[in-house]
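Keep the sequence at hand and look up each place as we reach it.

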Amino acid sequence: MKKVYLAMSADIIHHGHINVINKAKELGEVTVGVLTDEVIAGYKRFPLLSFEERKEIIANLKGVDHVIAQETLDYVPNLQKLKPDYVVHGDDWKTGEQRCVREKVIEALRQWGGKLVEVPYTEGVSITQLDEAVHKIGTTPQSRMRRLRRLLEIKPLVRVLEAHNGLTGLIAEKTKVQKDGKLKEFDAMWISSLCDSTAKGKPDIELVDLTSRLNTINDVLEVTTKPIILDGDTGGQVEHFAFNVKTLERLGVSAIIIEDKIGLKKNSLFGTEVQQNQDSIENFSRKISEGKKAQVTDDFMIIARIESLILNAGLDDALKRAEAYIAAGADAIMIHSKEKEPDEIYAFCDHFAKLPNRVPLVVVPSSYNHVTETELMEAGANIVIYANHLIRSAYPAMLKTAQSILEHERSLECSENLMPIKEILTLIPGGK
Ligand code: SPV
Ligand code: MG
């Protein structure tokens, strides 16, 4: 009996997959390599079904004899182990992003005289269209909330973008870029206190109350499916915080980040230019543990944000606080810095990595913005938040338009920078 290998993610199964399996079965004993969650999340998008679920489905398909995990996009490691006589694939990979993967398969098969068999691609099935259809169905609070923890398990770095209304939520949800054979997108959204306040024309001093913040969160929830991390400022009074945790959890928010400041909160990027006070370790730890006691599920995350570097209290203080907050139940730690260089962040990361109960680490490279995601990941960050970039790009563009209309007493001159009317009318489907 000849050995036949094929690989698939099997997140959405359609008759094209069955075609490939049927062809494989004609050739011999079929082993299917199911791509792991890590592989799918790394090159395409968050898988709808977990690896175990996908493996179970494939194992029960007619014509499949064995199922194994394929832990890389590259087939070669599994091919080396299996030395199949045939690899079967749709002929669509001759061009486009998967071309290199294909070439490596041919090269590997040549070593033992194996053959690549390509079946004509099944026309009329568009995974992108199926994806869109699934997206339209939406999500549930529970599954959205849980997704942040899943992302932390399967992605080396979770990428988060600021959203402050429905439209920016849609940008965070839908923007995709194809690069190096991978489809890149944001994994989650950050509802920043700075941007939520700024969008409302208010200062970032915990003035916008939770009811108003919940309206923003609802607008974002309404049109997106990705997880939300809420900037919870100081978390307010301990007694209030416990209630607020339940509210957020019920809505399907995945995490709240609270910062260890007390009194009138000012934005961290002011640093010591303004009067801001850090909370005591005891008080803040109590806030974390009361919040943890209040939550109903195991999915919601309370993330403790350490302001020691912002307030020039030093690295030792930051590390001492990290240990205490983790002991109080913090599900992750955020370390913030206002410096242009990442040195103090890297120093913190180095020590943080050695903590016995290390939890995921969140960084916000607003000031040290030349640092790349790969560098942050190598330093030990697990979540990167682009905290204010959509509002900072929108404001100058809007201001320029307003000035141009005043200057020219008509809108012709600014029109070249504007989205065509036809496009804005159809930007959000369903308006016609
Ligand atoms: C926010 O986005 O509101 C933050 C991050 O808290 S920072 O503005 O850098 O303090
Ligand atoms: Mg904030």
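Asp299 sits in the loop between α12 (281–294) and β14 (301–306). Asp299 is buried, because its relative accessible area is 12% and buried means under 20% (exposed is over 50%, partly exposed lies in between, with a 1.4 Å probe and protein chains only). Not counting residues up to four places away in sequence, Asp299 touches Gln142, Met145, Arg146, Arg149 and Ser254, where contact means heavy atoms within 4.5 Å.

This is a predicted model, in which local features need pLDDT of at least 70 and side-chain atom pairs count only at pLDDT 80 or more, while totals for chains, interfaces and linings use all residues. Residues are numbered from 1 along each chain as its sequence is written, chains are lettered from A and ligands numbered from 1 in the order in which they are written, and side-chain values use heavy atoms, leaving out hydrogens and water.

**The chain as a whole**

- The chain's secondary structure comes to 18 helices and 17 strands; helices (H or I, at least four residues) and strands (E, at least two) are DSSP runs, numbered from the N terminus.
- Along its principal axes, the C-alpha trace spans about 75 × 65 × 40 Å.
- The chain has 432 residues, and 48% of them count as buried.
- Take the contacts between residues at least 6 apart in sequence: 75% of these join residues at least 24 apart.

**The magnesium ion**

- Which protein atoms are the donors of the magnesium ion (ligand 2)? They are Ser193 (OG) and Asp231 (OD), lying 2.1 to 2.2 Å from the ion.
- This pair links distant parts of the chain, since Ser193 belongs to helix α9 (residues 193–199) and Asp231 to strand β10 (residues 228–231), 38 residues apart.
- Donors are N, O and S atoms within 2.8 Å of the metal (3.2 Å for Na, K and Ca); water is not among the atoms, so sites may look incomplete.
- Both Ser193 and Asp231 are buried.

**Helices α10 and α11**

- The axes of helix α10 (residues 210–223) and α11 come within 11 Å and cross at roughly 15 degrees. Axes are lines fitted to C-alpha atoms, for helices over the stretch in contact, and angles run from 0 to 180 degrees between N-to-C directions.
- That angle makes α10 roughly parallel to α11; the label covers angles under 35 degrees, while over 145 is roughly antiparallel, 65 to 115 roughly perpendicular and the rest oblique.
- From α10, the contact uses Leu210, Leu214, Ile217, Asn218 and Leu221, and from α11 it uses Asn244, Thr247, Leu248 and Leu251.
- Sorted by class, the contact of α10 with α11 has six nonpolar, three polar and no charged residues. Here Ala, Val, Leu, Ile, Met, Phe, Trp, Tyr, Cys and Pro count as nonpolar, Asp, Glu, Lys and Arg as charged, and the others, Gly among them, as polar.
- Leu251 lies in helix α11 (residues 238–251), and its C-alpha atom is separated by 8.9 Å from that of Ile217, 34 residues apart along the chain.
- Setting aside neighbours within four places in sequence, Leu251 is in contact with Pro141, Leu214, Asn218 and Leu221.

**Helices α13 and α14**

- Helix α13 (residues 315–327) and helix α14 (residues 343–352) pack at an angle of about 45 degrees, with their axes 10 Å apart. The two are therefore oblique to each other.
- Leu315, Ala318, Leu319, Ala322 and Ile326 in α13 meet Ala347, Phe348, His351 and Phe352 in α14.
- By class, this contact of α13 with α14 has eight nonpolar, one polar and no charged residues.

- Most residues other than glycine have a negative phi.
- Ala10 is not a glycine, yet its phi is positive, about 60 degrees. You can find Ala10 in the loop between β1 (3–8) and α1 (15–27).
- Glu409, also a residue other than glycine, has a positive phi near 55 degrees, and its place is in the loop between α16 (389–408) and α17 (412–415).
- Asn78, in helix α4 (residues 76–82), counts as buried at 5% relative accessibility.
- Leaving aside neighbours within four places in sequence, Asn78 is in contact with Tyr5, Ile68, Ala69 and Gln70.
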